[in-house]
Amino acid sequence: MRKLVRKSAAVAAVLVSAVALSACGSNDKSAEPGDKGGSAAPSAKDPQGADGVALADAVGTWLGKTDDKSVTLTISEGGQTVVISDAHVCQGTAKEGDALALALTCKDGNTDRVSGTVRSADGKQLVVAWDSGKTDTLSKLDVGGLPTNLPSVPAFPSLPPQS
């Protein structure tokens, strides 16, 4: 039963991320990088920091906990990005440069995860250092383990009722 609940929560997170990503336009203005506080562990690829992490390395849905709160990060092949944490939903882009940089905007004004750098991504684990000082260590969602035999939704009657 616990496994089903975990899988259901993962499916819900993926669906919310997919809906949010589909609503993202590529012309959105991203948040400006804020205060540069905090530091993160260097990448295994580069002892100096995040050099060498490509967008392709970070594509997918990543789950984890930071400060005992769930964090879901989804990055599409085009760089559209959504992070969901502590009831905050933030959208934006991931762009390659000197490092793989995340620039997001939260509709509610939260600034915990608006500007960050992907420090490492090895296909199983992704580490993001946010300019707010937070660091998320996330695991890739294994979509192969999701249920495939879900029941269909019954048809709803047309509204208003025909008399």
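Colleague: Let me start with a single side chain: how exposed is Lys69, in terms of relative accessible area?

Modeller: Bearing in mind that this is a predicted model, Lys69 comes out as partly exposed, with a relative accessible area of 37%.

Colleague: And what do the side chains of Lys69 and Asp86 do when they meet?

Modeller: They form a salt bridge, with 3.4 Å from N to O. Lys69 sits in strand 2, while Asp86 belongs to the loop between strand 3 (80–85) and strand 4, so the pair ties together parts that are 17 residues apart in sequence. Asp86 is itself partly exposed, at 41% relative accessibility.

Colleague: How many salt bridges does the count come to?

Modeller: The count comes to 3 salt bridges. One of them joins Asp67 and Lys134, whose closest N and O atoms are 3.1 Å apart. Asp67 is in the loop between strand 1 and strand 2, and Lys134 is in the loop between strand 7 (125–130) and strand 8, so this pair ties together parts that are 67 residues apart in sequence.

Colleague: Changing topic, which strands does strand 1 pair with?

Modeller: Strand 1 (residues 60–66) runs antiparallel to strand 2 (residues 69–75), and 7 bridges join them. Strand 1 also pairs in the antiparallel sense with strand 8 (residues 135–140), over 2 bridges. To place individual residues, Thr61 stands opposite Thr74 in strand 2, and Trp62 stands opposite Lys140 in strand 8.

Colleague: How many residues are there between strand 1 and strand 2?

Modeller: There are 2 residues between them, and the two strands form a hairpin. Asp67 is in that turn and has a positive phi of about 55 degrees; this is the Asp67 that forms the salt bridge with Lys134.

Colleague: Now cysteines: which ones form a disulfide?

Modeller: Cys90 and Cys106 do, with their sulfur atoms 1.9 Å apart, and the structure holds 1 disulfide. The link is right-handed, with 95 degrees about the S-S bond. Cys90 lies in strand 4 (residues 88–95) and Cys106 in strand 5 (residues 100–106), so the bond ties together parts that are 16 residues apart in sequence. Both cysteines are buried.

Colleague: Stepping back, what does the secondary structure of the protein chain come to?

Modeller: The protein chain has 2 helices and 8 strands, and from the N terminus on the order is α-α-β-β-β-β-β-β-β-β.

Colleague: And how much of the protein chain do buried residues make up?

Modeller: Buried residues make up 35% of the 163 residues. The chain exposes about 10,100 Å², of which carbon and sulfur atoms supply 54%. As for contacts between residues at least 6 apart in sequence, 45% of them join residues at least 24 apart.

Terms used:
Residues numbered from 1 in each chain as written. Predicted model: local features only at pLDDT ≥ 70, side-chain atom pairs only at ≥ 80, totals over all residues. Heavy atoms only, no water. Helix = DSSP H or I, 4+ residues; strand = E, 2+ residues; numbered from the N terminus. Buried < 20%, exposed > 50% of the residue type's maximum accessible area, 1.4 Å probe, protein only. Contact = heavy atoms within 4.5 Å. Areas by Shrake-Rupley, 256 points an atom, 1.4 Å probe, with all protein chains shown as cover. Pairing = 2+ DSSP bridges. Disulfide = S-S within 2.5 Å. Salt bridge = Lys/Arg side-chain N within 4 Å of Asp/Glu carboxyl O.
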